[in-house]
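Biologist: I have a model open and would like to learn how to read its features. Could you take me through some of them?

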Amino acid sequence: MTIQNSVWLGTADLPTYEPLDADQETDVVVVGGGIIGLTTALHLRQEGLAVVLLEGGRIGARTSGNTTGKVTSQHGAIYAALLDRHGRDAAQQYATANQEAVDEVDELTRRLGIDCELRRGPSFVYSTGDTDLDREAEVARELGLPAHSADPADMGLPVTATAAVRFDDQVMLHPARYLGGLAAAFSAAGGRIFERTRVTDVDAKGDGVAAQTQAGHHVVARHAVVATLLPFGTLGGYFARTRPNQSHGIAVRLPVDAPTAMTISADGPTRSTRPWPGGGPSGLIVVGGDHETGAEEETNASYQGLVDWIEELWGTRVQPEYRWSAEDYSTPDQLPYVGKAPGSPVLVATGMHKWGLSNGTVAAGILRDAVLDRDNRWSALFDAGRIGDARSVAKLVQDNLKVGKEFAAGHLRRLLGSGLDHLEVGQGGLYDLDGKTVGAYLDHDGRLHTVVPVCTHLGCPLRWNEGDTTWDCNCHGSRFAPDGAVLDGPATKPLAEPES
Ligand SMILES: Cc1cc2nc3c(=O)[nH]c(=O)nc-3n(C[C@H](O)[C@H](O)[C@H](O)COP(=O)(O)OP(=O)(O)OC[C@H]3O[C@@H](n4cnc5c(N)ncnc54)[C@H](O)[C@@H]3O)c2cc1C
Ligand code: FES
């Protein structure tokens, strides 16, 4: 049987924390308990500041705990493109910042004694098509990265590839155990974490800020860091300057030993592999099947595509033991946004391009230095203010509100399914209930969950994701559980219940 959970979250004993039940005062409030929030909170606590971390769900349980667990400066084949687009200085900074992040994660793991299966080894990007990897290797090497043109046969992956680039001494780890270790170290150092505490707003208050939670409590602080994958609500307008993209992962045991190196394809469809230590020598993890969040009708097909790929390469049937999906955001110029949000007192980090274990470690250093009013070598490259000034942000919000409403009207009519009495166990979708459109899902205990299938962020229609049993929004990537609870994205309110 396949377990619908990430192989990491299914095999980690993450510490748990109570929800916030009273107002608090502190030096820094950090919102979000993924890699960026936890690393930033730990840094600031180690600098002697009082820090409160508020997490809407469970720490580490969203994108960071659903990754491939590669901490590498090899972000596919990007260095030639970065050089062409942003020039040598910017490409050099991106390369150095991310390579240093690889070492920082290794150092932090050792110093804190985190048991997270960390291993160092080679990472390969390979071409099965037109991508010019000779130039990629040359540029990456000139930027000081440990890059070499390689024989694709060295990957140990039975794929027909024309070229490969190897980066030496990269890191792979068990991301959920790493995040659990960061949280435990932060708490042990006197940091306070509150889970199941969703923040709905952060406003200026006096010389500082006040974060408001859904339950109506306030955390007043001198600084706020919003590390929620994408800033929530309309904060900074980042929802309109990023795109959400979802990837799928599976963990399988092959009938032979799995490749020991990390690999990723340079040409589509993306296939990213690494060993799965928990699965023994034959354990393999494959991540890919990318599509924009909420844009795919047949989400089970994305998982099947990964299974088909393995079966074709190894000529054998495999049954995934775990399968999962997660999303991340991309920016138009391929660089993350980290730092002060325009028109707001808040610090943010978003747009990690599916490389947030290293980019997010860089981001945490930038955020720490911004709070402490220190210079940081990478803050200009990742400048969160390049999105525009407060006026252009306000216009983005207006335009997006309009798009959401227009889109909703036509789209719902097109997707409408048959009556609710035809729903089978495990099935969900859009249905007509007495002339009204409802989103419905019949769970395996026979409970019917009904919601108004309209995103609570800016009103776009939601699509039922049958592969993950979630309601997904293609406008800006909010995702909701069958009962309407917020899972991801800029939305902060649960889906409404249909009027009876
Ligand atoms: C399938 C997949 C595989 C990936 N593999 C890799 C990889 O191998 N290597 C790599 O470097 N990168 C990888 N990435 C990218 C990387 O995982 C992300 O960039 C990174 O995890 C983002 O971290 P984060 O802290 O911003 O977000 P998250 O981990 O999502 O953390 C944000 C947290 O904020 C919480 N939150 C949200 N809204 C609120 C609110 N209003 N109030 C309170 N809390 C809130 C959420 O519950 C969540 O816990 C992958 C991405 C995907 C999708
Ligand atoms: S995420 Fe913005 S409208 Fe749904």
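Biologist: Which residues of strand β3 are buried on one side and which on the other?

Modeller: Bear in mind that this is a predicted model. In a regular strand the side chains alternate between the two faces of the sheet. In β3, residues 51–54, Val51 and Leu53 are buried on one side, and Val52 and Leu54 are buried on the other. Both faces of β3 are therefore covered, taking buried as under 20% relative accessible area.

Biologist: Which strands does β3 pair with, and in what sense?

Modeller: Strands of a sheet pair through backbone hydrogen bonds, either parallel or antiparallel. Here β3 pairs in the parallel sense with β2, residues 24–31, over four bridges. To see both pairings at one residue, take valine 52: its bridge partners are valine 29 and, in β8, arginine 192.

Biologist: Where is there an antiparallel case, and what is the strand order?

Modeller: Look at the open sheet of four strands, ordered β22-β23-β24-β25, with antiparallel pairing. Strands β22 and β25 stand at its edges with a single partner strand each, so one side of each has no neighbour in the sheet. Between β23 (residues 470–473) and β24 (residues 479–480) there are two bridges. Tryptophan 471 of this sheet stands opposite phenylalanine 480 in β24.

Biologist: Is helix α4 largely enclosed or largely open, and why?

Modeller: An α-helix has 3.6 residues a turn, so residues three or four places apart point the same way. Helix α4 spans residues 175–188 and reaches 20 Å from its first C-alpha to its last, close to the 20 Å expected for its 14 residues. Of those 14 residues, 10 are buried, so α4 is largely enclosed by the rest of the structure. Among the buried ones are Tyr178, Leu179, Leu182 and Phe186, along with Gly180 and Gly181.

Biologist: How many cavities of 30 Å³ or more does a search of the whole structure find?

Modeller: Rolling a probe the size of a water molecule over the atoms shows where empty space is left. The search finds one such cavity, and about 40 Å³ of space lies in the largest cavity. Its lining includes Gln246, His291, Glu296, Arg463, Trp464 and Asp472. By class, the lining has two nonpolar, five polar and three charged residues. Strand β22, residues 462–465, gives the largest share of the lining, with three residues.

Biologist: Is aspartate 434 buried or exposed, and what about leucine 254?

Modeller: Aspartate 434 is exposed, with a relative accessible area of 76%. Leucine 254 lies in the loop between β12 and β13, yet counts as buried because its relative accessibility is 6%.

Technical notes:
Residues are numbered from 1 along each chain as its sequence is written. Chains are lettered from A and ligands numbered from 1 in the order in which they are written. This is a predicted model: local features need pLDDT of at least 70, side-chain atom pairs count only at pLDDT 80 or more; totals for chains, interfaces and linings use all residues. Side-chain values use heavy atoms; hydrogens and water are left out. On a 1 Å grid over the protein atoms alone, a cavity is a set of points where a 1.4 Å probe fits but cannot get out, and a pocket is an open set with protein on both sides within 12 Å along at least five of seven lines; lining residues have an atom within 4 Å of a point. Grid points are joined across faces, edges and corners, and a volume is the space filled by probe spheres set on the points. Ala, Val, Leu, Ile, Met, Phe, Trp, Tyr, Cys and Pro count as nonpolar, Asp, Glu, Lys and Arg as charged, and the others, Gly among them, as polar. Buried means under 20% relative accessible area, exposed over 50%, partly exposed in between (1.4 Å probe, protein chains only). Two strands pair if DSSP finds at least two bridges between them. The expected span of a helix is 1.5 Å times one less than its number of residues.
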